[in-house]
Amino acid sequence: MGGVYWAKYHTPKTQKASTAASTVPKKAPPAPVKTVSGSYLISGDVFWGRGIDYYAQRSPLKYDWPFSRLSEFHPDRYDGWISDMECPITDHTVPYQTQVDRLILQCPPAYTAAASKYFTAFTLANNHTDNTGASGFADTKANLQKNGIQYFGHYDLSQTADLCEIISMPAKLNGKATRLPIAMCGYHWLYSYPTDAELAQISLYAKYFPVWVFPHGGVEYVTSHTSAQQTLYRKMIDLGASAVFGDHPHVVEDTEAYKGKLIVYNVGNLVYDQWFDNEVTKSLILNVQVSATVDNNLQAYLDMADTCVAFKDDCLQQAQQKGLHAPGFIYQYNVLAGDSSNDNDYTRRKHPATPEVYQWLLKRLDWSQTEAGLTKEPIPATD
């Protein structure tokens with residue numbers, strides 16, 4: 001009894017205080033805020049047949065020659081690069097003069113490994129990927145896949161299942177490497193205007209993913225957009241596209257902000273054997289930056305992103321089955337200017353333009369007005 005009494009009523013004060021403190025529940029530290037971001041380059045037509053192949057094979061750089069000055073744009077500062085592959089990558093040889101006279105293009109596969117050092121994804125929706133037939137188109141996809149380059153789009157608009165694809169872009173999650181799935185759609189409309197059913201693919205994907213649309217159309221060598229381009233590209237925004245990046249005319253055209261979203265009417269050539277005037281040697285290379293705070297919905301997209309690398313993946317179906325909705329990203333844009341004037345062999349390759357050309361490009365784009373009209377809110381708006 002005495003021992004019990006002593007233990008109960010004569011415990012040292014320090015022991016009582018320690019016991020009392022241990023019973024107070026500790027507050028859990030706040031969960032760290034997670035942010036995903038990506039910084040990408042978007043540029044125009046890429047082609048390594050005909051004149052490009054001619055100069056490359058006479059250079060000690062060989063297959064690296066067409067891309068060897070792209071390093072001056074410091075691609076290591078960005079997470080990915082997207083362009084238009086305007087040529088079938090196939091061994092079905094097309095003679096040089098046939099490529100010149102009949103515009104039937106062919107790109108030797110041996111250049112693809114060098115291209116993979118720069119490009120993450122290509123749109124194949126244009127008027128040249130069918131130049132060696134369906135087999136050449138199949139070769140193109142196989143050669144890109146073999147070298148780790150993703151692709152989307154089709155030369156034939158009626159192939160609706162192939163117009164859009166989930167592309168898994170490298171990104172950063174709180175500074176660490178991750179992947180971000182983005183829907184990309186290619187529309188080759190030189191010979192026929194897309195039907196409502198074909199354009200509906202944009203809306204289908206926009207329910208679940210950011211959608212970037214790459215239409216191939218307009219008038220060659222015309223330096224401002226046509227009414228047909230504007231009508232179609234605005235409709236693409238109306239259907240849910242987050243941004244529209246046009247190509248085909250081989251020269252840089254203007255831009256506009258429509259409903260707070262960016263339309264680029266034409267980005268110009270990137271790697272191409274056109275040096276006949278100053279217009280065709282100039283390039284818009286657009287830096288697209290996206291960012292968002294990660295919630296449970298966006299985390300589900302990051303979790304599935306590795307499976308989206310494959311062509312014809314099931315990422316759209318995964319998003320549908322999980323009841324996800326398109327995450328909202330804040331977009332920011334920076335303009336880079338490229339040049340490939342033909343003063344000598346060295347400058348035939350695309351490289352950063354002079355400050356004077358950069359200012360010319362900003363004026364051509366009407367960039368100050370466009371930039372002022374772009375929304376600073378997440379696109380698309382989250383629920």
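**Burial, pairing and a pocket**

User: What covers the buried residues of α9?

Analyst: The cover includes β1 (35–46), β5, β6, β12 (282–293) and α10. Contact requires heavy atoms within 4.5 Å. Helices (H or I, at least four residues) and strands (E, at least two) are DSSP runs, numbered from the N terminus. The model is predicted, so local features need pLDDT of at least 70 and side-chain atom pairs count only at pLDDT 80 or more, while totals for chains, interfaces and linings use all residues. Residues are numbered from 1 along each chain as its sequence is written, and side-chain values use heavy atoms, leaving out hydrogens and water.

User: What makes helix α9 mostly covered?

Analyst: Of the nine residues in α9 (residues 296–304), seven are buried. Buried means under 20% relative accessible area, exposed over 50%, and partly exposed in between (1.4 Å probe, protein chains only). Those buried in α9 include Asn 297, Tyr 301 and Met 304.

User: Why is Ser 43 called buried?

Analyst: The relative accessible area of Ser 43 is 4%. The limit for buried is under 20%, so the term applies. Ser 43 lies in strand β1 and touches, among others, Trp 81, Phe 119 and Leu 284.

User: How do you know that strand β6 is largely enclosed?

Analyst: Ten of the 13 residues of β6 (residues 176–188) are buried, so the rest of the structure largely encloses this strand.

User: What makes β5 and β6 a pair?

Analyst: Two strands pair if DSSP finds at least two bridges between them. Strand β5 (residues 164–173) and β6 have ten, in the antiparallel sense, so they qualify. One of the bridges links Ile 167 to Ile 182 in β6. In their hairpin, with two residues between the strands, Asn 174 has a positive phi near 50 degrees.

User: In which sense do β6 and β7 run, and how many bridges join them?

Analyst: They run parallel, and six bridges join β6 to β7 (residues 211–216). The chain passes from β6 through helix α7 (residues 196–206) to β7 in a right-handed β-α-β crossover. Right-handed means that, with the strands pointing away from the viewer, the path from the first strand over the helix to the second runs clockwise.

User: Which element gives the most to the lining of the largest pocket?

Analyst: β5 does, with three residues. β5, α7 and α10 (315–321) each supply at least two.

Technical notes: Lists of a residue's contacts leave out its neighbours within four places in sequence.
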